[in-house]
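Hi,

Here is the structure I promised to pass on. Have a look at it first, and then read on for my notes.

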Amino acid sequence: MNNPALAPAPDSAIDYDRYDHVRPIRWTGQALELLDQRVLPFTVVHEVCRTSDEVAEAIAALVVRGAPAIGIAAAWGVVLAAAGIDTDDPVEAAQQLEPALQRLNAARPTAVNLAWALARMRRVLASAGADWRDALAREAHAIETEDLAANRAMGRAGAALIAPGSGVLTHCNTGSLATAGFGTALGVIRAGVAQGRIARVFATETRPWNQGARLTVWELQQDGIPATLIADAAAAHLMKTGQVQWLVVGADRICANGDTANKIGTYQLAIAARHHGVKVMVVAPSSTVDMATAHGDAIEIEQRDPAELLSFRGQRVVAPGVSAWNPVFDVTPHTLIDAIVTEHGVIERPDAVRMQALAAYTNRC
Ligand code: MRU
C-alpha cells in the first residue's frame with residue numbers, strides 16, 4: 001500500500017465548494033429528511049422520517065441509496081429509535097433498541113456500510129452512561145462528517161493515479177447523493193477534472209434504476225463538468241474506441257482478498273476494461289471494507305423485484321407473462337482491479353496480503 005500522503009494533490013488545488021451541491025441526508029434534530037432519489041432529477045422533494053422503521057423502509061425503497069449514505073441514514077435511524085425509549089440505563093436501552101437495529105440492518109443486504117454503521121452505534125451504546133442518547137447522536141454525526149472527509153481524501157488520492165488528458169468511465173451513482181458529500185468514484189472524477197487530469201467523463205445509464213442517467217450526470221451538470229451518457233451496452237465499444245483510460249467505480253463491499261461487490265454491470269465493465277487495456281479503479285471508504293468476508297462468493301447479492309425490469313416509470317413495457325431475474329449487484333474479482341482507493345491510501349493490484357496491510361493500517365488509525 002502506498003500511503004496516504006496523498007501529496008500530489010494538496011487540498012488547496014481543489015475548490016470543494018465548486019462541487020458537491022446536493023445533500024441526500026439532513027438531520028433536523030427531531031427527524032431525518034431524505035432527498036427522494038427515486039424521483040430525481042425532475043422532482044426535488046424530501047421524505048421526512050420520524051421513526052427508525054420509516055428510515056428502514058426508505059433504505060429498502062431506494063429513497064436513500066449508495067453504500068455510505070445508507071450507513072449514515074441507518075445511524076440516524078438509531079437516534080430516532082432512541083427517542084422512543086424511556087430509560088437512563090444504557091444496557092436496558094441497548095436491549096430495547098436491538099429490534100429496531102435489526103430491522104435497519106435487514107433493509108438491504110449487500111452494502112456492508114449498513115452493518116458497519118450499526119456496529120458503531122452498538123459499540124457507543126455499550127460504553128455510554130446515562131447520556132446514552134446524546135452519545136448516539138454524536139456518533140451518527142461523526143459517521144457522517146468522517147465520510148465527507150474520507151471522500152475528499154480519496155478524491156485526491158485517486159486522481160493522482162490518472163495521467164493528464166485521460167478519459168474516464170463511471171457506473172451507477174457514487175457522488176454526493178450516495179455519500180455524506182463529494183462522493184467516492186465521483187469524488188475522484190471531480191478532483192481529477194479540477195486538476196486537469198481528466199479531459200472526458202462518460203457515465204453509464206445503469207439500468208434498471210438509471211442511477212447514472214438520472215443522478216450522476218445531473219450531479220456533474222451542476223458542477224459544470226461536461227459528461228457524456230452512454231447506454232450500458234455501449235461500454236465495451238467506448239473502450240475499444242480509445243476514449244477512456246480508466247473505469248472508476250465505487251463499492252458496496254470489498255472482501256478480505258479485494259473482491260468487490262458493486263452495482264450490477266461492474267463485473268462485465270471490468271472484463272471489458274481488462275480486454276481493452278483500460279485500468280480499473282475502485283474507490284470506497286474503509287467502512288466498505290469487510291475483512292470478515294474472505295472472498296466475493298460469500299457476499300449476499302441483493303435480488304430486487306423483477307417488476308423493476310419489466311416496467312419503466314411505472315409503465316409495463318414487457319409482454320404479460322414474461323419473467324425477469326433482477327440481481328442488483330455483482331462481484332468483480334480482485335484480479336481485474338488495478339487499484340483500490342480508500343481514505344488511507346491506494347492499494348495497487350489488491351490481494352489478500354495487501355488488504356491485510358490496509359486493515360492493519362486502518363485499525364491503527
Ligand atoms: O442500488 P444502489 O443505487 O444503492 O447501488 C449503489 C452502488 O452500487 C454504488 O456504486 C455504491 O454503493 C458506491 S456509492 C459511493
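To start you off: which residues of α3 are buried? They are Pro90, Ala93, Leu97, Ala100, Leu101 and Leu104. Before you go further, please keep in mind that this is a predicted model.

Staying with that helix for a moment, α3 covers residues 90–105 and has a kink of about 40° at leucine 97, shortly before proline 99.

Now the overall picture. The protein has 11 helices and 16 strands. Its C-alpha trace spans about 65 × 55 × 40 Å along the principal axes. A compact globule of 365 residues would have a radius of gyration near 21 Å, and the protein's 20 Å agrees with that. Buried residues account for 50% of the 365. If you count contacts between residues at least 6 apart in sequence, 75% of them join residues at least 24 apart.

Isoleucine 14 lies in the segment before β1 (25–27), yet its C-alpha is 9.5 Å from that of valine 193, which is 179 residues away along the chain. Isoleucine 14 counts as buried because it has 22 C-beta neighbours inside 10 Å, and the cut-off for buried is 20 or more.

On to the inside. The largest nonpolar core has 112 residues, and the members that touch the most others are Val55, Ala73, Ala74 and Val78. The largest share of this core comes from α2, with 13 residues. To see one of these in place, click on alanine 73: beyond its neighbours within four places in sequence, it is in contact with Ile25, Leu32, Leu34, Val55, Ile59 and Val64.

Helix α2 turns up again at the ligand. α2 (67–83) and β9 (260–263) each supply at least two residues of the shell around the ligand. In total, 17 residues surround the ligand, and the closest are Arg65, Ala67, Ala178, Gly250 and Lys263. By class, the shell has 7 nonpolar, 7 polar and 3 charged residues.

Finally, some backbone details in the loops:

- The peptide bond from leucine 40 to proline 41 is cis, with omega near 5°. Proline 41 is in the loop between β2 (32–35) and β3 (46–49).
- Arginine 207 and proline 208 are also joined by a cis peptide bond, with omega about 5°. Proline 208 is in the loop between β5 (198–204) and α7 (211–223).
- Threonine 206 is in the loop between β5 and α7, and its phi is positive, near 65°, although the residue is not a glycine. Threonine 206 is buried, because 23 other C-beta atoms lie within 10 Å.
- Arginine 313 has a positive phi too, near 50°, and is likewise not a glycine. Arginine 313 is in the loop between β12 (311–312) and β13 (315–316). With 6 C-beta neighbours inside 10 Å, arginine 313 counts as exposed, since the limit for that is 12 or fewer.

Cheers

Definitions and conventions:
Residues are numbered from 1 along each chain as its sequence is written. This is a predicted model: local features need pLDDT of at least 70, side-chain atom pairs count only at pLDDT 80 or more; totals for chains, interfaces and linings use all residues. A residue is near a molecule or strand if its C-beta atom, placed from the backbone, lies within 6 Å of it. Helices (H or I, at least four residues) and strands (E, at least two) are DSSP runs, numbered from the N terminus. Ala, Val, Leu, Ile, Met, Phe, Trp, Tyr, Cys and Pro count as nonpolar, Asp, Glu, Lys and Arg as charged, and the others, Gly among them, as polar. A nonpolar core is a set of buried Ala, Val, Leu, Ile, Met, Phe, Trp, Tyr and Cys residues joined through C-beta atoms within 7 Å. Two residues are in contact if their C-beta atoms, placed from the backbone, lie within 7 Å. The bend at a residue is the angle between axes fitted to the seven residues ending there and the seven starting there. The radius of gyration is taken over C-alpha atoms; the globule rule is 2.2 Å times the number of residues to the power 0.38.
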